[in-house]
Amino acid sequence: MRNIKKQIPAAAAVLAVLLICAVAYFNGESDNKGAADVSGFHDGLIVHFIDVGQGDSEFIELPGGQCMLIDAGTQDYTQTVIDKITEYGYSSIDYVVATHPHADHIGGMSGVIENFDVENFYMPQVTATTDCFEDLLDALTEKDLKINKPEAGEEIYSDSLAVIEFLAPVGDNYNNLNDYSAVVKITYGENSFLFTGDAEKVSEDEMLEREFDSLSADVLKVGHHGSDTATSADFLNAVDPEYAVISCGTGNSYGHPHSETLENLTAAGAEVYRTDELGTVTIYCDGNNGFNMDFEDN
């Protein structure tokens, strides 16, 4: 486990800090970065941004015990994703979303489908000619799982605790596969998370044009690994995130995240957390503006 707090050498001081953090955590007070181990805690919303190198994978523990997986990284990280979900205490997944059929998002998905019982599967209506896409289709067929098409504005889950809805893709004909990305928003109490896959500025502009009342979010999973082809200033202004998480690989050949995107996030006042620097990023939310962050190397 690794966090960004400074080390305090005296054992007594360490104990005192831990006790203070524990009290603040269970009272839902302020942000205690790296202070709380939130695995297995089901009274709030827990989002794990799994470190899958240059790829995306988010596992969400919903209030009440249900769960959701958005993307599963590349094939090389299949076992990482499987191990993480198992570590969090789940043998089945209620909702699985493949945002779009790029290998760094669906490469590990067939392995997940094979190893867990899946209730609902969502993927945009677009195909790819890659082995990992064919493997995913084979796994879905073997499990007799229907592919549901994400529809912008559609709520797929709603109760007294949480709401899950799709905000994109708005259209169904794009030149860039990234713009087919399913964009997911999860609202819990007073707080919300926005997961944008690899959606670029074309998709962002469409969401802005639709004038979604729900576009704003406290936590933004930054689009396309922090590329300068996404996360426009106008989009950030509408989302107005307090926290931003970038999923990318250390020393990746794409130069992600790009300096322009980081500058836009800073100008928007968002605190930025990167999996290439911190490993898996876990955010606990109590639904009443209380957030706790936890960082863990794989």
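The legends below accompany close-up views of a predicted model.

**Figure 1. Overview of the predicted chain and its secondary structure.** The chain contains nine helices and 15 strands, and buried residues make up 57% of its 298 residues. Of the contacts in the chain with a separation of 6 or more, 66% are accounted for by residues 24 or more positions apart.

**Figure 2. The stacked pair of Phe 59 and Tyr 88.** The count of aromatic pairs comes to 11. In the pair shown here, the ring centres of Phe 59 and Tyr 88 are 5.8 Å apart and the planes lie at 20 degrees, so the pair is stacked, given that planes under 30 degrees apart count as such. Phe 59 belongs to strand 2 (residues 58-61), whereas Tyr 88 sits in the loop between helix 2 (78-87) and strand 4 (92-97), so the pair ties together parts that are 29 residues apart in sequence. Phe 59 counts as buried because its relative accessibility is 0%, and Tyr 88, with a relative accessible area of 5%, is buried as well.

Figure 3. Tyr 174 and Tyr 180 form an aromatic pair with 5.0 Å from centre to centre and 85 degrees between the planes, an arrangement that is edge-to-face. Both Tyr 174 and Tyr 180 are buried. In a further view, ring pairs link Phe 49, Phe 193, Phe 195, Tyr 243, Tyr 273, Phe 291 and Phe 295 into a cluster.

**Figure 4. The salt bridge between Lys 221 and Asp 56.** The count of salt bridges comes to four, and one of them joins Lys 221 to Asp 56, with the closest N and O atoms 2.7 Å apart. This pair links distant parts of the chain, since Lys 221 lies in strand 11 (residues 219-221) and Asp 56 in the loop between strand 1 (45-49) and strand 2, 165 residues apart. Lys 221 and Asp 56 are both buried.

**Figure 5. The salt bridge between Lys 84 and Glu 296.** The side chains of Lys 84 and Glu 296 meet in a salt bridge with an N to O distance of 3.9 Å, a value that falls within the 4 Å cut-off. Here too distant parts of the chain are linked, with Lys 84 in helix 2 and Glu 296 in strand 15 (residues 291-296), 212 residues apart.

**Figure 6. The salt-bridge network around Arg 274.** Arg 274 forms a salt bridge with Asp 276, in which the closest N and O atoms are 2.7 Å apart, and both of these residues are buried. Arg 274, Asp 276 and Glu 277 are linked in a network of salt bridges.

Figure 7. Val 112 is found in helix 4 (residues 109-115) and is buried, with a relative accessible area of 0%. Residues up to four places away in sequence being left out, Val 112 touches Leu 69, Ala 72, Val 81, Ile 82 and Ile 93. The C-alpha atoms of Val 112 and Leu 136 are separated by 9.5 Å, and the two residues are 24 residues apart along the chain.

Key:
Residues are numbered from 1 along each chain as its sequence is written. This is a predicted model: local features need pLDDT of at least 70, side-chain atom pairs count only at pLDDT 80 or more; totals for chains, interfaces and linings use all residues. Side-chain values use heavy atoms; hydrogens and water are left out. Rings of Phe, Tyr and Trp (its six-membered ring) pair if their centres lie within 6.5 Å; planes under 30 degrees apart count as stacked, over 60 as edge-to-face and the rest as tilted. Helices (H or I, at least four residues) and strands (E, at least two) are DSSP runs, numbered from the N terminus. Buried means under 20% relative accessible area, exposed over 50%, partly exposed in between (1.4 Å probe, protein chains only). Contact means heavy atoms within 4.5 Å.
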